[in-house]
Amino acid sequence: QQQQPPLPPRRPGPLRRPAPPQRSPAYPVPLPAINGTAGAVAAVLIALSSNWVVYERLSWLVTALGRWSVGAVRTLFVRTLHFPPTVTLVTMRGLIATDDEMRTGLSYAMLAPEAAPAEVRGESLVNLGRFEKALDRAFSMPGARAVALLIDSPGGSPAQSSLLHRKLLALRRRHPRVKL
């Protein structure tokens with residue numbers, strides 16, 4: 001028996017292509033299934049890496065929640081601990097008189113001699129009707145430790161002065177922690 005010569009290696013023909021080499025995939029890598037908070041964080045990080053709109057909206061949400069939480073903590077401190085202490089300023093400028101007294105001209109006779117009627121305007125009046133709400137708000141403000149009054153007046157009606165004084169005394173009795 002004769003030995004046959006070995007066959008030459010087979011070359012791929014036009015219809016046959018060589019198989020590609022086997023390698024592991026580099027991307028995308030399947031993530032392991034993670035449940036709970038870690039899975040949510042991983043999903044968010046994957047979404048952020050591929051989509052900037054998600055990143056923009058998520059960053060806005062985080063900053064809004066941060067601002068809200070800082071405001072909530074500050075409100076909690078103010079309402080429970082009365083911290084930081086605040087001083088409220090109430091400014092009263094003008095003639096001490098009611099609107100009716102100004103319409104009839106009775107307040108000009110109550111002015112000090114050095115105050116000329118040309119300085120007195122109808123919009124700059126000080127009376128209980130105009131300042132009652134402002135005084136109530138100043139005394140009932142959370143964290144208020146003191147209320148300061150800045151009164152710039154040439155004088156006026158003794159009745160309105162007495163009404164303002166009584167209102168201030170009543171507010172001091174109602175809010176003993178707030179100094180005047």
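Which residues have the most contacts inside the largest nonpolar core? In this predicted model, they are Val-90, Met-92, Val-126, Leu-135, Phe-139 and Val-147, and the core has 15 residues. Here's a quick tour, from the whole chain down to that core and out to a surface patch.

**Whole chain**
- The protein chain has 5 helices and 4 strands, and they run α-α-β-β-α-β-α-β-α along the sequence.
- Of its 180 residues, 20% count as buried.
- If you look at contacts between residues at least 6 apart in sequence, 78% join residues at least 24 apart.

- H4 supplies the largest share, with 5 residues.
- Leaving out residues up to four places away in sequence, Val-147 touches Thr-88, Val-90, Ala-138, Phe-139, Val-178, Lys-179 and Leu-180.

**Helix H4**
- H4 has 13 residues and reaches 17 Å from first C-alpha to last, close to the expected 18 Å.
- Its buried residues include Leu-128, Phe-131, Leu-135, Ala-138 and Phe-139.
- An α-helix has 3.6 residues a turn, so residues three or four places apart point the same way.
- The buried residues of H4 pack against S1, strand S3 (125-126), S4 and H5.

**Surface patch**
- Out on the surface, Val-73, Phe-77, Leu-81 and Phe-83 form a nonpolar patch with about 400 Å² of accessible area together.
- One of these, Leu-81, sits in helix H2 (residues 52-81).

Technical notes: Residues are numbered from 1 along each chain as its sequence is written. This is a predicted model: local features need pLDDT of at least 70, side-chain atom pairs count only at pLDDT 80 or more; totals for chains, interfaces and linings use all residues. Side-chain values use heavy atoms; hydrogens and water are left out. A nonpolar core is a set of buried Ala, Val, Leu, Ile, Met, Phe, Trp, Tyr and Cys residues joined through side-chain atoms within 4.5 Å. Buried means under 20% relative accessible area, exposed over 50%, partly exposed in between (1.4 Å probe, protein chains only). Helices (H or I, at least four residues) and strands (E, at least two) are DSSP runs, numbered from the N terminus. Contact means heavy atoms within 4.5 Å. Patches are made of residues with over 30% relative accessible area and no salt bridge: like charges are joined within 9 Å, nonpolar side chains (Val, Leu, Ile, Met, Phe, Trp, Tyr) within 5 Å. Accessible areas come from the Shrake-Rupley method with a 1.4 Å probe; for residues, only the protein chains shown count as cover. A salt bridge is a side-chain nitrogen of Lys or Arg within 4 Å of a carboxyl oxygen of Asp or Glu. The expected span of a helix is 1.5 Å times one less than its number of residues.
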